[in-house]
Amino acid sequence: MSQDQFGNELTFAGSGVLSHEQERRLRTLTHVLYGLYALSLLIGVTGVIAVIINYIKRSETNGTFYASHFSWQIRTFWWSLGLLILSLLFNGIFIGKLILWGSMLWVVYRVIKGWLRLNDRKSV
């Protein structure tokens, strides 16, 4: 690993170079976003907040393994929203409840898998 002129370690990722501080900020932000997605199972609006932040900050992750986490989180949001709408369409029959519970379990799986990969500093 190289160091910049101030002695900070640099992380080489794809075509981009991150300072230690930039890497720390992205790591913290990605942890916070996984927390918001987990919390969205109880308070749905946190998922909306998280996906907005994902889109705003996405360009900062280019060339790093964080880009895969941001894409993973964005896809999780849109698929879970689609499954929620589908479950509402079939709300009057049993299949609607199955879709809702299945999608909630799927979100839990995606959050746990992504968070564990982030903890290991690996892409999803």
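Which helices each supply at least two residues of the lining of the largest pocket?

Tutor: This is a predicted model, in which local features need pLDDT of at least 70 and side-chain atom pairs count only at pLDDT 80 or more, while totals for chains, interfaces and linings use all residues. Residues are numbered from 1 along each chain as its sequence is written, and side-chain values use heavy atoms, with hydrogens and water left out.

Helix H2 (45-57), helix H3 (66-89) and helix H4 (94-119) each supply at least two residues of that lining; helices are DSSP runs of H or I of at least four residues, numbered from the N terminus. H3 gives the largest share, five residues. A pocket here is an open set of points on a 1 Å grid over the protein atoms alone, where a 1.4 Å probe fits, with protein on both sides within 12 Å along at least five of seven lines; lining residues have an atom within 4 Å of a point. The volume of the largest pocket is about 320 Å³, a volume being the space filled by probe spheres set on the points, which are joined across faces, edges and corners. Its lining comprises 15 residues, with Ser40, Leu41, Ser80, Leu84 and Val107 nearest the centre. By class, the lining has nine nonpolar residues, six polar and no charged (Ala, Val, Leu, Ile, Met, Phe, Trp, Tyr, Cys and Pro count as nonpolar, Asp, Glu, Lys and Arg as charged, and the others, Gly among them, as polar).
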